[in-house]
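Take a look at this predicted model. The report below covers helix packing and backbone geometry.

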Amino acid sequence: GTGPAVDGQCGRILGVYREHQMSADSAFLKRVWPNVKKAMDWVGRHDTDGDGLLEGAQENTLDAAWFGKIPWISSLYAASLKACAAMAGELGDNEYADQCRRKAAQTGLAIETKLYNGEYFIQLPEAGHEHSLGVYRTSHIDQVHGQSWAWQLGLVRVLDRDKTVSALRALYKYNFAPDVGPFKKKNTAGRPYALAGDGGLIMATNPKELPAAFGDTGWQSMYFNECMSGFEHQVASHMIAEGMLLEGL
């Protein structure tokens with residue numbers, strides 16, 4: 001990576017709200033709240049054009065900076081804003097709570113209207129970085145990750161239910177392989193976390209047979225051909241939360 005991870009910052013903001021929910025009182029939240037606000041405001045500065053979607057260099061925990069409008073990172077942003085609204089409300093910081101609530105709604109709507117292709121959520125390229133690394137028009141495992149976090153924290157919805165379920169159904173249709181053997185035979189890059197005979201959820205697939213799906217074909221693109229259990233568990237638990245019990249199991 002080249003700096004602080006945007007998705008990681010969101011994860012820690014969301015994690016603070018999770019730990020607070022499991023605390024006996026508000027002492028922990030009161031102690032860390034000033035830094036939570038700083039982190040939330042730092043993430044928000046990545047929305048340079050004010051449309052609710054992050055852009056520019058978005059360093060992330062896949063070890064690189066991605067450019068463009070990216071559904072998984074912006075959905076984590078939306079969930080973080082909603083969590084901050086809840087935390088601020090508990091602490092009486094009502095002005096900040098309202099600000100975060102409005103921004104979360106704007107971000108969720110922007111994701112739904114600008115990044116949904118009728119079946120799942122896709123990444124839009126950024127001018128000057130059209131060929132930089134990213135998942136673009138593929139079906140990406142983390143595309144609605146922010147909504148998954150929202151369920152875990154009792155925040156209910158940050159993304160439209162029908163579009164979210166459609167995206168999860170696309171992941172089950174296009175990314176889940178009861179046997180990853182044939183996929184790995186055609187796509188040899190990446191670490192063999194799943195072998196022939198194993199079932200797995202592929203990180204990113206290209207169901208529309210579109211060219212240049214991942215931009216830069218450097219070392220990091222190998223991630224997209226892998227099955228990583230942490231990503232799979234996130235999607236499976238989200239499917240179950242949305243009522244897709246059999247698919248999740």
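## What covers helix H5

Several helices cover the buried residues of H5. They include helix H1 (6–21), helix H3 (71–90), H6 and helix H8 (229–241). The buried residues of H5 are His-145, Gly-146, Gln-147, Ser-148, Trp-149 and Ala-150.

That makes 6 of the 8 residues of H5 buried, so the helix is largely enclosed by the rest of the structure. The cut-off for buried is under 20% relative accessible area.

## After H5

Gly-154 follows H5 and has a positive phi, near 70°. Val-156 lies in the loop between helix H5 (145–152) and helix H6 (161–174). Its phi is also positive, near 60°, and Val-156 is a residue other than glycine.

Is Val-156 buried or partly exposed? Its relative accessibility is 48%, so Val-156 counts as partly exposed.

## The H3 and H4 pair

H3 packs against helix H4 (residues 94–114) at an angle of about 155°. Their axes are 8 Å apart. The two helices are therefore roughly antiparallel to each other, since angles over 145 degrees count as such. The crossing of H3 past H4 is left-handed.

On the H3 side, the contact is made by Pro-71, Ser-74, Ser-75, Tyr-77, Ala-78, Leu-81, Lys-82, Cys-84, Ala-85, Ala-88 and Gly-89. H4 contributes Asn-94, Tyr-96, Ala-97, Cys-100, Arg-101, Lys-103, Ala-104, Thr-107, Gly-108 and Ile-111. By type, the residues of this contact between H3 and H4 divide into 12 nonpolar, 6 polar and 3 charged. Among the charged residues are Lys-82 of H3 and Arg-101 of H4. An α-helix has 3.6 residues a turn, so residues three or four places apart point the same way.

## A positive phi between two strands

Asp-63 is found in the loop between strand S1 (58–60) and strand S2 (64–66). Its phi is positive, about 70°, although Asp-63 is not a glycine. How exposed is Asp-63? Its relative accessible area is 34%, so Asp-63 is partly exposed.

## Gly-8 in H1

Helix H1 includes Gly-8. At 22% relative accessibility, Gly-8 counts as partly exposed. The cut-off matters here, because buried means under 20%.

Gly-8 and Ser-166 are 158 residues apart along the chain. Their C-alpha atoms are separated by 26 Å.

Key. Residues are numbered from 1 along each chain as its sequence is written. This is a predicted model: local features need pLDDT of at least 70, side-chain atom pairs count only at pLDDT 80 or more; totals for chains, interfaces and linings use all residues. Side-chain values use heavy atoms; hydrogens and water are left out. Helices (H or I, at least four residues) and strands (E, at least two) are DSSP runs, numbered from the N terminus. Buried means under 20% relative accessible area, exposed over 50%, partly exposed in between (1.4 Å probe, protein chains only). Contact means heavy atoms within 4.5 Å. Axes are lines fitted to C-alpha atoms, for helices over the stretch in contact, and angles run from 0 to 180 degrees between N-to-C directions. Angles under 35 degrees count as roughly parallel, over 145 as roughly antiparallel, 65 to 115 as roughly perpendicular and the rest as oblique. A crossing is left-handed if the near helix is turned anticlockwise from the far one by less than a right angle, and right-handed if clockwise.
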